Amino acid sequence: MSLLSLNKISKRFGETAAVADVSIAVEGGEFFGLLGPSGCGKTTTLRIIAGLESPDTGAVEFDGRDITARPSEKRGFSMVFQNYALFPHLNVFENVAFGLRARGSSPTVREGSSTDRLNERVKQALELVQMPGFDTRRVDELSGGQQQRVAIARAIAIEPSLLLFDEPLSNLDVALREETRRELRALVKRLNLTAVYVTHDQEEAFALCDRIAVMSAGRVQQVGAPRELYNHPANVIVAKFLGNNNLIRAMRLTSSNDPVTKFKTLEGGHTLTVSASHEQLMNLPVNNSCLLAIRPEAIRLNDKPGSDNQLAARVEHIEFGGPTTTLTLDANGLKLEVLVLCADEFVSGDECQVTVPAGQIRLLASP
Amino acid sequence: MTSNRPPEGGTPNQERRRRFALPAHSRSFFLYVIVGLVLLYGIIYPTAHVFIAALQHEGGWSPSNFFAVLLQRAVLESAATSIAVSVLTVVLCALAGVPLAFLFERYAFPGRRLFAALAALPLVLPPVVGTVAFIFLCGESGILARTIQHAFHLTKAPWSLRGWGALLLFHTYTMYPFFYVLAGAGLQRIDAGLAEAARSLGASRLRVLFRVTLPQLTPSLIAAALLTFMTSMASFSAPLLFGGNVRVLTLEIFSARQRGDTSVALTETVLLALISLVALIFFQRYEGTRRFVAAAMKGTTRRRQPLKSGKARLLAACAAIVFSLVLALPIATLVLVSFSRDGSWTTQTLPPVYTVSNFARIATDVESRSVFVNSLVMAGVATLAALVWSFCVTALTASGKPSRWKRLINVLVLLPWALPGTVVAVSVAEAYGQPNLLTGSFILVGTFWILPVVYFLRFMPLVVRAVQASIEQLDRALEEAAAVLGANWWRRFWRVRVPLVAPGALAGALLVFVIAMGEYVASVIVFTPGNRPVSIAIASAMRDFNLGSAAAYGVILIAMIVIVMIVAGRLESRAR
């Protein structure tokens, strides 16, 4: 039984459907990501989980109970906001203590002398985010990174049953972001918290999350572990959003539902061998067009002759990117991007042989 | 919901506000009842009463009587006079304020800061105090006239401070800051890059001014024109004390009531209210068509250019000093006169005998002191009420879904600010001057409470606006964060909203407090002899030629205002 589940959640703002028919299940102890471009409905979904928006239809269940109508303050979650939302009129200690005081009636805080217990909890939380001794500082005296840590301390101090993050790292500079990201995951795992993390940054989501729901246009496109999403995108949207893909329009040639099937590309007219699952092929009649995806880094240049899917191509453009170089190739009208570590031997106009490994080609379902 | 916001991205404050902090039904019902009652008793009933009473005659329904009174020559003339005075005031204030704004916003030269610091001074001067100071300085037996008279050995004063000239001069002095301040702020906001782009496209300086700068400044200029027009329509002290034969509506209403000519007073009140409202709607319509949205987000702010040529610097510095003197002289005069012995200053250029007895008397004499105590108490009561009231109103209007009711509440709350003080005072006096359906046998007129009530009604829109502005600036995520952390509505209100809105609200309340302290226009209509505010005491001291006492009252008022403005300024900068 999942700890948190959204059942067919929908929410409209005026004419726009912000969230459409979203169902997600988050397991206890899981670091779950909501990933998608801006405007895809991920923040609205998070706000519905937090109780800051109410869904038009659908239900939110937590620990087996329907909490759709439960107000935010009674959910026992906590949230780290994009701009941190630290209370400017309170110092660091009071910010972290805010949630504890607000829940003052709960027995966990009442045990023993309540002030001692409060001080202890605040101190602990600040130590966990490596900000001990900052108690009396004003929040506007802190750097962005420090504010961010206080915001996290405030959120974990109440020992939330669910921790929500709304792009909390997007206001930090790149170096700090990567460092904080690592600490954040370690912290959440150490405290054995369940987290839902919203981001538009694929790399961040991959680094942080156990599982990710990729959202687009208000809908969940695919849910899975980072590797699974990257290697086996379920549809064009996911394939396009996660990293680069060469999308090749093609037509199925052979009728047998063998794992290895032949396709003919519409541009260039090449015949490609593709490994596809039985059920994918079941839904794709012969002579119907479909999309094939191949990662730029999966294509090989000037491989030993004789392997499958070798095409003759001409180098059209070379883009030097530091550690890697991107080549744009033209194989008889079929444009391919290829990512290599070193392309010093090539100049524009060179002829070459490209290998598109059959096992790396993904047959995409239409969205 | 009608707004078409993108589903997310950015901070959809408005959307958040809707769902968020939607008060529970009982709480919002309670608030609706309070707000509704205050609006009904304070605004809807008195305003409606005046309109209805104006259409009645001797207890019967008589619209024809209303039109008969309306079409009387005196009534029409005073309406035309009011409008003419206001239009001329707007033109003169624009001619004075806009060039000053250009000079002091665009260029740097010695003396600039001095003037900039004093520029808004006339705005905070209570009109009655300003009028008195003006009489001491420019009146026919004032310092300037006497100086010239004695220098040239004239047998009588070189001018008299009466009529159109005097009135318009005073209006320009007190109201030009609307144009100066708003045009200056507008100039600061204009992207200097636009003017540079126009220049690089080959436009001359003049062309840039008329085709680029001034069009962008129009919203500021319209706002300034509106404020000036409304203030001028409501102006009362200046026409009363040196308007001479310029019979404006406010004055006519006052004297019609003094004569006991209720039907004329009511008709003129309705007329004044209608003119003010029409002007407000007209200006706001026009303003709406003239808003420019900056095309580019990033702009370069213009820096003040130092004036390079020596002559220009000298000229500008002289201008700054002269204008600063013009601004400061009336107040300096007031301070000087406040130390003169009552009755000693007759034909001399300057008061001959100086004493601190005027201030000593205010401090010791029970009756003189009671005037200040009255004003303090009444302004204090009105301010506190306005503060509480503004939190009630904004708790309703600044959260939850926008609705027609909330818009109506907003309009009704802001209505008294659009109406001249005379109209507010007359409508309350007329509505609560006899037993009626709403109050039973209780008659408000003649009690202590009439003035605090009128002050509250007149000035509470200022506090409401201040609180609304603070709430709009408030990051919605703060209250949301509090909610997610487990704080209920009450806790969010007291621990998050109130402390964060407090500086802005207090600044607004302090402003209201000082304005109420010097209030005259409405006080003169409804005050009771046992409860005279400072402004009335100043006016009666002037009538008895106790010039020193009148000035001393004014000086203390100004001192209080200065202190409060400094405190309010601090609060506001802390709010930011």
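This is a short walk through a two-chain model, starting with chain A and ending with one helix of chain B. Keep in mind that the model is predicted.

Chain A, then. It carries ten helices and 20 strands. Its C-alpha trace spans about 80 × 45 × 35 Å along the principal axes. The chain has 367 residues, and 40% of them count as buried. Now take the contacts between residues at least 6 apart in sequence. In chain A, 65% of those join residues at least 24 apart.

Let's go to a sheet in chain A. Five strands make it up, and the sheet is open. The order is β13-β12-β11-β14-β20, with antiparallel pairing. Which strands stand at the edges? They are β13, residues 271-275, and β20, residues 362-364, both of chain A. Each has a single partner strand, so one side of each has no neighbour in the sheet. How are neighbouring strands turned against each other? On average by 50 degrees, direction ignored.

Now the pairings, one by one. Start with β11 of chain A, residues 246-252. This strand pairs with β14(A) in the antiparallel sense, over six bridges. Look for L247(A) here: A293(A) in β14(A) stands opposite.

Next, the other side of the story for β14. This strand covers residues 289-294 of chain A, and its pairing with β20(A) is antiparallel too, over three bridges. L291(A) stands opposite L364(A) in β20(A). L292(A) has L363(A) as its bridge partner in β20(A).

One more stop in chain A: D350(A). Where is it? In the loop between β18, residues 334-340, and β19, residues 351-355. Now find G133(A). In sequence, D350(A) and G133(A) are 217 residues apart. In space, the distance between them is 63 Å, C-alpha to C-alpha.

On to chain B. Here we have 25 helices and four strands. The C-alpha trace spans about 80 × 75 × 50 Å along its principal axes.

Last item: helix α22 of chain B, residues 489-517. A straight helix of 29 residues would span 42 Å at 1.5 Å a residue. Helix α22(B) spans only 36 Å between its end C-alpha atoms. Where is the kink in α22(B)? At A502(B), shortly before the proline P503(B), and the kink is about 50 degrees. What about burial? In α22(B), 23 of the 29 residues are buried, so the helix is largely enclosed by the rest of the structure.

To recap: chain A has an open five-strand sheet with antiparallel pairing. Chain B has α22(B), kinked at A502(B) and largely enclosed. That's it from me.

Notes:
Residues numbered from 1 in each chain as written. Chains lettered and ligands numbered in written order. Predicted model: local features only at pLDDT ≥ 70, side-chain atom pairs only at ≥ 80, totals over all residues. Buried ≥ 20, exposed ≤ 12 C-beta atoms within 10 Å, placed from the backbone. Contact = placed C-beta atoms within 7 Å. Pairing = 2+ DSSP bridges. Axes fitted to C-alpha atoms, helices over the stretch in contact; angles between N-to-C directions. Expected span 1.5 Å × (residues − 1). Bend = angle between axes of the 7 residues up to and from the residue.
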